[in-house]
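The following exercises are to be worked with the sequence and the model at hand. Each task is followed by a solution in steps.

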Amino acid sequence: MLGFVSLVGAASTILFGLVPALRASAASPGDALKRGGGKLTPRKAMLRPLVAAQVSFSFMVLFVGGLLLLSFRTLITMDLGFTRTDVILADVEAKKRTGDAVQASRQWLDAVLRIPGVRAAGLSGFALLDGNIWWTDIQPPGSAQKTQYRLLDVSPEFFDTMKMRLVDGRSFDVRDLAPKSPSVVINQAFARLCCPGENPVGKHFWRNRDNYSVEKEVIGVVRDAKYDQLRPPGPPTVYLPLSDFGGALEVRTSVDPKLVLAGMERALDAIDPSVRVSRLRLQSTVIDDMLIPERLLAILATFFAAVALVLASVGLYGVLSYSVVRRRKEIGIRVALGAQRAIVMRLVASEIVLVTLAGLAVGLAGGWVLARLAATMLFSVKPSDTASLALPLGALLLAAALAALPPALRAAQVDPMAALREE
């Protein structure tokens, strides 16, 4: 990699430095002495198209980079349907447990609640967003096609622990933990699927299970929540009462989870030696791990956008500074004839206005094409959104203004007498 970067750097230096070097070596001393300052020559006028191209390229990078940053911001701030902070997850497995699994679960959860810093605790068949999927299908009323939906068995404390808001009906309680209980809690997406326009609480539906069907009764409705992926909307989900001991333990704390996590493993081992507790982790860590590709893209986009902004600023500053040097005598004459400093500054700064506008026009078209190619990487962000355009446009215009300010101030401070004496 070091060799490749060195090769590219050397090739770029030679390629872009060779033409000016050859032009300088071919200059005639007599012509150079006779030539005075003034307007730009046709060769020097080529600087403007080059800088316009630089501005357009920078805007394309800023535009696509801004889209990736906005997409990442939307991902990390979106509503998951449950809390993403202050929750510890653990895998729980009963090695050699006998007796009533439901009663054992109640006793074990009560013991977990006695751990210092624990506010709520619940159990589920597996943790949300942990890579597991349990699904089956249902045939909605009036539809000839079956639709997939997700399932998850949970304890009565699960919804409170994960802060999943109940919108109708009730949650599970002890009476729903009996074997073959028909009670289920559904989410809003499933309610729209099975009972469009109706109150689903009290409704019955048939769940396909192996070679037979089981009748279920809806006792409550909770908000939609992410299940196994972050990008898609929360799928239709049915929550069943957890009748077995084991799966995932969710623990919500009232203090920093990392402080509780340090001593929690020892405390859990002491509760019941027959229960194996493994993979202690934070819910926020699980979500962060799912966002590693998007985070990497956002970091790279920020870096390249910053580089592009600096290059555009340096290019604009260089062209404008060169123009001020070339037009020093002209500026001195204007000042001697009574031109105000503000007029001189506007005259100098106006040279890069057309260059910047032309670069922005071309860059916007190119950025639009690149944004369409990168559409699969975006989440809830469109190239036509106001923020998507305002962010790179404002950044580039601000950079152009800052680049134009020093040369414009230098032009306004030109001494007419000193400028007129120059040959």
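Asp86 is partly exposed, at 35% relative accessibility; this class lies between buried (under 20% relative accessible area) and exposed (over 50%), computed with a 1.4 Å probe and protein chains only. The model is a predicted one, in which local features need pLDDT of at least 70, side-chain atom pairs count only at pLDDT 80 or more, and totals for chains, interfaces and linings use all residues. Residues are numbered from 1 along each chain as its sequence is written, and side-chain values use heavy atoms, with hydrogens and water left out.

**Exercise 1.** Determine where Asp86 lies and what its phi is.

*Solution.* Step one: Asp86 belongs to the loop between helix H4 (47–77) and strand S1 (87–94). Helices (H or I, at least four residues) and strands (E, at least two) are DSSP runs, numbered from the N terminus. Step two: the phi of Asp86 is positive, about 65 degrees, although this residue is not a glycine.

**Exercise 2.** Decide whether Leu129 is buried or exposed, and describe its backbone.

*Solution.* Step one: Leu129 sits in the loop between strand S2 (118–124) and strand S3 (135–138). Step two: its phi is near 60 degrees, a positive value in a residue other than glycine. Step three: with a relative accessible area of 3%, Leu129 is buried.

**Exercise 3.** Identify which residues make the nonpolar surface patch of about 560 Å².

*Solution.* Step one: patches take residues with over 30% relative accessible area and no salt bridge, nonpolar side chains (Val, Leu, Ile, Met, Phe, Trp, Tyr) being joined within 5 Å and like charges within 9 Å. A salt bridge is a side-chain nitrogen of Lys or Arg within 4 Å of a carboxyl oxygen of Asp or Glu. Areas follow the Shrake-Rupley method with a 1.4 Å probe, and for residues only the protein chains shown count as cover. Step two: the patch consists of Leu296, Leu300, Phe303, Phe304, Val307 and Leu311. Step three: Phe303 is found in helix H10 (residues 292–326).
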